[in-house]
Structure formats: C-alpha cells, structure tokens
Amino acid sequence: MFRRHGNSYRSAHPIDRSAARVMGAITACRTAALGGHVERCDAAACGFTRISYNSCRNRHCGKCQGAAAREWLSQREADLLPVEYFHVVFTLPPAVAAIAKQNKAVVYGLLFEAAAETLKTIAADPRHLGAETAATMVLHTWGQTLTYHPHVHVIVPGGGLSEDGQAPVAGGQPKAQAKWIACRPGFFLPVKVLQRLYRRLFLAKLVAAHAGSRLKFFDALAGLADARIFARHLAPARRIDWIVYAKKPFAGPEQVLRYL
C-alpha cells in the first residue's frame with residue numbers, strides 16, 4: 001500500500017518527518033534498499049541459494065514486530081490470575097494532545113505516571129477497593145480514524161493485595177499476611193472518581209514540567225512558552241471531563257492475551 005499509494009498520499013496529506021520516516025522504513029523493509037544476505041544449501045547435490053533482504057526493525061512495522069510480540073505475550077501469560085479482568089482507558093483532551101505532539105517523550109511519560117498513580121490511589125482507598133493493584137499499560141497514539149489521539153490502554157485484574165493487619169510479634173516486627181481483595185463482580189472502580197483524580201494529577205505534572213523548562217513549543221504553539229499563556233491554554237481543560245472509561249470485556253484471562 002505504501003509503495004503503490006505513498007507518494008500520492010503524502011502529496012494530498014502532508015505528514016511530519018517522524019511519520020514520513022516510518023513510511024519510508026516500512027516501504028524499504030525486506031527489499032534490496034536495506035541490503036541482505038545469501039542463504040545457500042551446503043549439500044553438494046543441491047546448491048540452492050536464496051537471497052534474504054534485511055528488515056527495517058521499525059517498531060511500527062507489522063512484519064518486524066511479530067516475533068517480539070509473541071515473546072512478550074508468552075512472558076505475560078505467566079502473570080495472568082484466575083480472576084476477572086477489566087479494560088481501562090485514559091485519554092487526553094485536544095488542548096493537551098497538541099502539547100503532546102510537540103513533546104512526545106515528556107508528555108507520554110506523564111500520561112503513564114498519572115494513569116498509574118490514579119489507579120493505585122483509588123484502588124487503595126478503603127471506600128472503593130482498599131487494596132494494592134497492578135496493571136499492564138500500552139500506549140496508543142492514533143485513533144481509529146487515523147488522527148492523532150494519544151491514550152493509554154490498561155488491562156487490570158479485578159482486585160488486589162491487602163494486609164490483614166495482625167498484631168506485631170516479638171521484636172516489634174509486624175506479622176502481616178497479604179490477602180486477595182476482590183472488587184464487586186462486574187465493577188472495578190468508579191469512573192467519575194478516576195476522571196477527576198487523573199485530570200488533577202496529569203495537569204499538576206504538566207504544569208511542573210513547564211515550570212522546569214522540560215516542554216518545548218514551536219509554530220502555532222510557540223506562545224505557550226510564556227507561563228501566563230500556558231495557563232490560559234489549559235484553563236478549558238480544567239473544566240471539562242476527561243474521557244476515562246472502564247469495562248469488563250473479558251470472559252477470562254485467556255481473552256486478555258487475545259486482546260493484547
């Protein structure tokens with residue numbers, strides 16, 4: 001598709017350099033453009049030879065990431081628990097996504113941090129779950145319509161570990177034993193509570209990154225380097241609900257792996 005239509009697509013829809021590099025890598029993948037090696041049968045009666053061209057090894061390339069994906073899934077299989085699993089998604093509003101596009105490494109890191117901290121904080125609250133949970137988190141930067149839409153998909157078990165609070169034994173060391181605390185069947189954590197804490201945590205981290213000169217702005221966003229303009233830019237994002245949702249789409253742990 002890229003080889004046949006890539007040039008005409010780029011002419012009609014200008015893309016940034018990073019996307020152009022990805023298209024170029026996938027187009028050249030396993031072609032003479034990247035070089036290769038010759039495989040030859042050693043048997044005297046055969047002598048068959050085959051040229052194998054090198055892969056682009058780009059993380060966006062479906063052909064190059066197949067083996068890595070299978071290895072990753074095999075490792076994750078050992079982590080699965082015989083419990084309910086939930087799918088949680090944390091997104092960014094357009095005003096913040098525009099900042100993310102010019103500051104990918106910093107803002108993506110904040111997205112992971114804020115989402116993880118939100119889940120751990122609400123799950124640990126005795127009013128909700130009262131347990132320490134864990135999750136597998138995957139970054140997506142594009143939506144279904146191929147528009148820029150950074151968000152994090154989270155696969156989380158329906159529960160977590162807690163301490164039973166036994167009295168200290170001789171020597172003053174606590175005799176605590178971890179136990180499993182399950183969430184209510186079919187319900188993980190309240191979405192509205194997750195939304196508010198996630199919004200507050202992320203914006204606080206983003207403002208701190210701006211104050212620490214970790215963000216860079218260009219072109220139409222160049223004015224955001226000024227703290228007052230930056231604050232005005234974020235003001236609407238403080239008043240809207242950020243899209244966070246949680247659902248139970250999995251009938252069992254096996255479906256979790258198929259989804260990933």
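Modeller: What follows covers the sheet, then the salt bridges. Keep in mind that this is a predicted model.

Biologist: Fine. What is the strand order in the open sheet of four strands?

Modeller: The order is β4-β5-β3-β8, and the pairing is antiparallel.

Biologist: Which strands stand at the edges?

Modeller: β4 (136–142) and β8 (244–247). Each has a single partner strand, so one side of each has no neighbour in the sheet. From one strand to the next, the twist averages 15°.

Biologist: And how many bridges join β3 and β8?

Modeller: Four, in the antiparallel sense, with β3 spanning residues 85–91. His87 stands opposite Lys247 in β8.

Biologist: Which helix lies across β3, β4 and β5?

Modeller: Helix α5, residues 104–124, which runs at about 140° to β4.

Biologist: Switching topic. How many salt bridges does the structure hold?

Modeller: Eight. One of them joins the side chains of Lys248 and Glu84, at 3.8 Å from N to O. Lys248 lies in the loop between β8 and α8, and Glu84 in the loop between α3 and β3, so the pair ties together parts 164 residues apart in sequence.

Biologist: What does Lys192 form a salt bridge with?

Modeller: Asp241, with the closest N and O atoms 3.3 Å apart. Lys192 is in helix α6 and Asp241 in the loop between α7 and β8, 49 residues apart.

Biologist: Which residues are linked in a network of salt bridges?

Modeller: Glu113, Glu117 and Lys205.

Terms used: Residues are numbered from 1 along each chain as its sequence is written. This is a predicted model: local features need pLDDT of at least 70, side-chain atom pairs count only at pLDDT 80 or more; totals for chains, interfaces and linings use all residues. Side-chain values use heavy atoms; hydrogens and water are left out. Two strands pair if DSSP finds at least two bridges between them. Helices (H or I, at least four residues) and strands (E, at least two) are DSSP runs, numbered from the N terminus. Axes are lines fitted to C-alpha atoms, for helices over the stretch in contact, and angles run from 0 to 180 degrees between N-to-C directions. Contact means heavy atoms within 4.5 Å. A salt bridge is a side-chain nitrogen of Lys or Arg within 4 Å of a carboxyl oxygen of Asp or Glu.
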